[in-house]
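Trainee: I would like a close look at one part of this protein. Please pick a single residue and walk me through its surroundings.

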Amino acid sequence: MVAERFAIKIPRNADPKKVAPLMCAGITTYSPIHFSKVRKGDKVAVAGFGGLGHLAVQYLVKLGAEVTVFDITEEKRQVAADFGAVRYVNVNNPDELKGLDGTFSFILSTIPSKYDLRMYINMLRRGGEMAIVGRAANDELPTIDAFSLIGMAQRKIYGSLIGSIQETQEMLNYSVANDIYPEVVVINADGKSIDEAYRNVVDGKVQFRYVIDMSTLK
C-alpha cells in the first residue's frame, strides 16, 4: 500500500521502459532548471553529458535556451548536437575553453568526479546561478576556498537533490507531453548482465542509462 500523497500517476501514453529513469535523473535535473527560472533565449551550460546531463539538455532546449555542453570526450559531440546543444566543449582541449568567462546565466553541473569548480563559476555572468547535482566520491569532491568567492561576486552556487512529489508529477507530465525521455539500454535481471553494465558505467562506456527488465528475473 502507498499513501495517495506519495504516489505518482504515470500517463497512459508514457514509454514504460523509460519512465523509471525520469523519476530519478529527470526530477534531479528538472528541479534546479525551474528553480533558477531558466527562460527562452538564456545562455546556459550543462557540465557532464551522461545520464543526468542528456536529460538536462533536453529540458533546457525545450525551454528555448541556448545550451552549451561540457564533457571530456569527443564521442558525445554529435549526440549533444542531435539533442539541440548549440556548442560542445571538450574540456581537455584548452582552446575550446577560451572566451567563455562571464558567458552563462545558468550552469548545471552533473559531473560525478573531481573537476575545476572555479573554472565554471568564472563562466557565470554577474547574477548567474550554478546548480550542482553530480555527486563524486568523497576523495574526489571538487572544492573551492571561501576567499576565492570574494573575487566571484554576485554569482550564486547551490546544490539540488530531487524534488517534491508535486514537482515530480509535473516533471513526468511535462516529459511525456514533450517526448523528453532518457536514452536507455534494457538489460536482463541476471548477475552477468548487471555486472557488465556496472563495469561499463565505471568505464564511461554507456550512453546513457541502463534499465533492468524485471520480467526476466528468475
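Mentor: Let's take Ser175, which sits in helix H5. Keep in mind that this is a predicted model. Ser175 has a relative accessible area of 0%. Buried means under 20%, so Ser175 counts as buried.

Now look at its polar partners. The side chain of Ser175 makes a polar contact of 2.7 Å with the side chain of Tyr59. The Ser175 side chain also reaches a backbone atom: the oxygen of Met171, at 2.7 Å.

Next, the wider contacts. Leaving out residues up to four places away in sequence, Ser175 touches Leu22, Tyr59 and Ile180.

Follow Tyr59 into the core. The largest nonpolar core has 35 residues. Tyr59 is among those with the most contacts inside it, along with Leu60, Val67, Val69 and Phe106. H1 gives the most, with six residues.

Take Val67 as one example from this core. Setting aside residues up to four places away in sequence, Val67 touches Val44, Val46, Val57, Leu60, Val61, Ala85, Val86 and Arg87. There is also a second, separate core of 16 residues. Among its members are Phe70, Ile107, Leu124 and Met130.

Notes: Residues are numbered from 1 along each chain as its sequence is written. This is a predicted model: local features need pLDDT of at least 70, side-chain atom pairs count only at pLDDT 80 or more; totals for chains, interfaces and linings use all residues. Side-chain values use heavy atoms; hydrogens and water are left out. A nonpolar core is a set of buried Ala, Val, Leu, Ile, Met, Phe, Trp, Tyr and Cys residues joined through side-chain atoms within 4.5 Å. Buried means under 20% relative accessible area, exposed over 50%, partly exposed in between (1.4 Å probe, protein chains only). Helices (H or I, at least four residues) and strands (E, at least two) are DSSP runs, numbered from the N terminus. Contact means heavy atoms within 4.5 Å. A polar contact is a pair of N or O atoms within 3.5 Å; within protein, one must be able to donate a hydrogen and the other to accept it, and residues adjacent in sequence count only if both atoms are side-chain atoms.
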